[in-house]
Amino acid sequence: MNGAQAVVRTLVDCGVTTCFANPGTSEMHFVAALDAVPEMRGVLCLFEGVATGAADGYGRMAGRPAATLLHLGPGLANGLANLHNARRAHTPLLAIVGDHATYHKRFDAPLESDIDALAGAVSGWVRRTTRSADAPADALDAVAAALRPPGEVATLILPADVTWTDGAEPAGPTASAWRSPSPVPDHQITRAAGALRGAGDAGTSTTILLGGTGLRRSAIEAASRIAAATGARVLAETFPARHERGAGIPNVDRLAYLVEFAAGQLAGTRNLILAGASSPVSFFAYPGKPSTPLPPGCQVQVLAEAGDDVPGALAELAYRVAPDTAPLVQAAVRPDLPADGELTAESAAAVIGALLPEGAIVCDESNTSSLWLPGVTAGAPPHDWLSLTGGAIGQGLPLATGAAIACPDRPVLALEADGSAMYTASALWTHAREGLDITTVIYNNRAYAILNMELERTGAPVTGTTARDLLELSRPDIDFTALAAGMGVSASRAETTAEFAAQFSKALAEPGPHLIEVALPPRG
Ligand SMILES: Cc1ncc(C[n+]2csc(CCOP(=O)(O)OP(=O)(O)O)c2C)c(N)n1
């Protein structure tokens, strides 16, 4: 076998069976190896940000890494923003980056750049293979690193001659390579139990902040039992990688994006217990505003870090402080389909709440249009909610691509703001090419609406029309139905609530990708 064939065989043997690729000349032997090892599914993405975002969506849902195949430094750089989001999501992800042949690098050919430096910005593990015979073992180490709890981006740089040189043997998976999450030390559970025993006392309020695997069903149920028994509050981190929610699962509100609102949610908290979440911070600094929403004097304690066994820690805590208490589960309630009327983000949310199918995977990058969604979907049939973990927009359409490939039997919704959709719109072509069951809803408000709000909040002095003009997506308006149709995705445009309801239920009923453009009214 040549190095590429042995790497692909090794990856398949340890469960990495999907490769989101945008290759170039230095990756041609890797591409050819996909024919030699047909168990590896190659998925062509037309921009590297789609490949990396898709690998993020895949890893979040499958719990094991997909590979990406990227072309030297520039290809990696194009994929960096969504690798950043994957890093924040703690997604297991294997970034394979091709490079010039080892002996060719010193000639400084045009595509030569510092791949290692670029990779270091987002990866928990980086290795450059220099000999074909080492490539399979390096690939195995890369997968093990990606799966290291809580999950990380592992980057393997493969020079072209490493991939084309013969004499490599696949490396067998070694069970010891895969580590499980660490159990939480007893003293952390004891300390949290101590704080919780005083949770209901006047003036000593305790809040449990869930994040990471703390937002899986069993962890949420344990947290709900603790809350019911002790009077503690439970909140979720603002942008979870994957939140299991819906009827039959306790409802957990997310901490608000705006620091003032988050401060309101945390008001009165004397003890904050972190279960898989980081201590909350304001997304940005604003003149005169605090950097964290925590009330003054609030004690923060870690029950479990993201890489720990968060559900296990919560279960043990529930055993100690809530042995006889049942979780408070969310009832099955959903809004009626709204009557016809003006189509707004609020009425569109009601339609989604009324029709959300069981088992849906919702990839939410709807930004300012998301405000009404949590409330109207809380009692919908059980579903997963995937959000923008690292704030780098252009993630939603790729994320949906990977989620749909990881879970081909589940309906996937991509709820997309127009500006964010445009970063990685070519993901729609992959939706069509792979026949993915993804319903994309584009909220077309013809603006970077959130930045209009941020312009006010930062207090930046606006004296003319240029600043506002940089935040408008008009002249020309973007025609998303034409864009989608041009990439082979069945598309329609809704101007009223009834039109949206009809188009949305049709899209859900038909297999394959659909896009619905929600024409929002002009901002007041
Ligand atoms: C990679 C990246 N580039 C730029 C930004 C800055 N940014 C934040 S929100 C935003 C515009 C969002 O507009 P849209 O997606 O249309 O959502 P809306 O605010 O209209 O709901 C931009 C450009 C970012 N967060 N990430």
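**Figure 1. Contact between helices H13 and H21 in a predicted model**. Ser347, Ala348, Val351, Ile352 and Leu355 of H13 meet Thr497, Phe500, Ala501, Phe504, Ser505 and Leu508 of H21; contact means heavy atoms within 4.5 Å. These contact residues comprise eight nonpolar, three polar and no charged. Here Ala, Val, Leu, Ile, Met, Phe, Trp, Tyr, Cys and Pro count as nonpolar, Asp, Glu, Lys and Arg as charged, and the others, Gly among them, as polar. Two packed helices are described by the angle between their axes and the distance between the axes. For H13 (residues 345–355) and H21 (residues 497–509), the angle is about 35° and the axes are 10 Å apart. Axes are lines fitted to C-alpha atoms, for helices over the stretch in contact, and angles run from 0 to 180 degrees between N-to-C directions. Helices (H or I, at least four residues) and strands (E, at least two) are DSSP runs, numbered from the N terminus.

In this predicted model, local features need pLDDT of at least 70 and side-chain atom pairs count only at pLDDT 80 or more, while totals for chains, interfaces and linings use all residues. Residues are numbered from 1 along each chain as its sequence is written, and side-chain values use heavy atoms, with hydrogens and water left out.

**Figure 2. The shell around the ligand**. Among the 17 residues around the ligand, Thr368, Asp418, Gly419, Ser420 and Ile450 come nearest; a residue is near if one of its heavy atoms lies within 4 Å. By class, the shell has nine nonpolar, seven polar and one charged residues. Helices H16 (418–423) and H18 (449–458) each supply at least two of the shell residues, and H16 gives the most, with four.

**Figure 3. Oxygen atoms of the ligand and polar atoms of the protein**. A polar side-chain atom of Asn445 lies 2.9 Å from a ligand oxygen. A polar backbone atom of Ala449 is also 2.9 Å from an oxygen atom of the ligand, and for a polar backbone atom of Ile450 the distance is 2.7 Å.

**Figure 4. Two cis peptide bonds and a positive phi**. Most residues other than glycine have a negative phi, and most peptide bonds are trans. A cis bond joins Pro149 and Pro150, with omega about 5°; Pro150 is in the loop between helix H7 (135–146) and strand S6 (153–159). Another cis bond joins Arg475 and Pro476, with omega about 0°. Phi of Asn367 is near 50°, and Asn367 lies in the loop between strand S13 (361–365) and helix H14 (373–377).

Conventions. A polar contact is a pair of N or O atoms within 3.5 Å; within protein, one must be able to donate a hydrogen and the other to accept it, and residues adjacent in sequence count only if both atoms are side-chain atoms.
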